[in-house]
Each structure stands twice: as structure tokens, then as C-alpha cells.
Amino acid sequence: MILTDSFYSRDAVTVAEALIGCKFVFNNTGGIIVETEAYRSDDPASHSFNGPTTRNRTMFGPAGHLYVYRSYGLHWCANVVCTPGSAVLIRAVEPTMGLDLMKMRRNSENLTNLCSGPGKLTQAMGITSEADGTSLSGETAFVKSGMTGVSVVTGPRIGISKAADYPWRFGLLGSRFLSRKFQTSP
């Protein structure tokens, strides 16, 4: 079942955890979401922290749409808009659909490394700034409810300098497709 806008119209931390195990599809490529990070409007690491701008306007738009931005001028990042000013970064996907196309785009045969990071997955799935604002309840871009009873691990966010210690990074326990392993307790 394709997730509706009401699924996303919740707190980003709740949505980030709930997306683990769901299937993300974009233009005939996709896979199982295995890693996410949440960003709220009151979060100093969020693009929305200082209010709406030309760059982040999609974050203040309707829930259930893609917010796509370029990170460090190097790669695109795909986020799902939640409540106004909040979004969930899709950090990693276990590729299951359109594998040949994704391998060609990434110039890699390594399935484990194909979508194991935000820039890798957008490159593999062909997500660019043109996708910013795209609804995720369409025919070619959508998220479907996924596996039930998944075990989710949490940890601090990575790749940011502000509020990195917030435990708003979520991953599928035991997945080999994560961007980075989670620290485990002794």
C-alpha cells in the first residue's frame, strides 16, 4: 500500500523510524529503506532552523513530498517532508528494483555499496534537483508500507556539526546496506 500524506504529517522522528523497512521507488528504481535521519524545525542542524528560504521552501510545503538539495556541492540528498519545516533524510536503501540501471549510474557492480549513503542512493536512483517537490504518492515516485515487525536501531546523526548527538538516526538491525554501522552496547 502506498503511504498517504497523513503518514508523513507527523513528527519527523516518528516518521524516520516508521520508514525503516518501507519500499522507496523513484522512476523504476528503488528498494527497502534501511537508514534514515530526522530533522525538525527547532533543530539547529536542520535547513529550516532559521525559517523559510528559497533553498528550503519545500520543507515548509505539503507533507509527503521530496525535498532534494545538494550537499557540500557534491551530491544530492533526498528527504521526505513531514510537518512544516521538518523532514527525514533517506540515508540508505537496500536496492531491489532497477538494479541494472542503478549499477550503470553508479558504475559499480557492488550491490552492498550501491545505495549505502544519501549521495549514492540519489545517484543510483537518478534523483536530482528536478525531483524537489515531487509527491511521494504518485505512480513513479512513492513509498509503500513495508516489512512488519522490523528491528530498528538508533544512534546519533552523522555528517553534521550541529546537534549531531541527537539520537535521530535509525537503521534496520543487521542490514549490510547501511551507510555506516551503528555503535552497539557492550
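Author: Two strands pair if DSSP finds at least two bridges between them. The structure shown here is a predicted model, and the definition can be applied to its strands β2 and β5.

Reader: What makes β2 and β5 a pair, and in which sense do they run?

Author: The strands β2 and β5 are joined by 9 bridges, and the requirement is at least two, so they pair. They run antiparallel. Within this pairing, T36 stands opposite I90 of β5.

Reader: How many bridges link β4 to β5?

Author: There are 3 bridges between β4 (residues 75-81) and β5, and the sense is antiparallel. V81 has A87 of β5 as its bridge partner. The two strands form a hairpin with 5 residues between them, and G85 in the turn has a positive phi of about 85°.

Reader: Why is β5 described as largely enclosed by the rest of the structure?

Author: Of its 11 residues, 8 are buried, so the description applies to β5.

Reader: Which residues of helix α3 are buried, and how do you know that they lie on the same side?

Author: The buried residues of α3 (residues 99-106) are M102, K103 and R106. They cover an arc of only 100° around the axis, and therefore they are on the same side of α3. The face turned away from that buried side carries the exposed residues D100 and M104. Among the elements covering the buried residues of α3 are β2 (29-39), β5 (87-97) and α4 (118-125).

Reader: Why is the pair of F7 and Y8 called edge-to-face?

Author: The ring centres of F7 and Y8 are 5.1 Å apart and their planes stand at 85°. Planes over 60 degrees apart count as edge-to-face, so the name applies to this pair. F7 is buried at 16% relative accessible area, and Y8 is buried at 0%.

Reader: What makes the pair of Y67 and Y69 tilted?

Author: The angle between the planes of Y67 and Y69 is 35°. Stacked requires under 30 degrees and edge-to-face over 60; the pair therefore counts as tilted. The distance from centre to centre is 5.3 Å.

Notes
Residues numbered from 1 in each chain as written. Predicted model: local features only at pLDDT ≥ 70, side-chain atom pairs only at ≥ 80, totals over all residues. Heavy atoms only, no water. Buried < 20%, exposed > 50% of the residue type's maximum accessible area, 1.4 Å probe, protein only. Helix = DSSP H or I, 4+ residues; strand = E, 2+ residues; numbered from the N terminus. Arc of directions from axis to C-beta. Contact = heavy atoms within 4.5 Å. Phe/Tyr/Trp six-rings, centres within 6.5 Å; stacked < 30°, edge-to-face > 60°.
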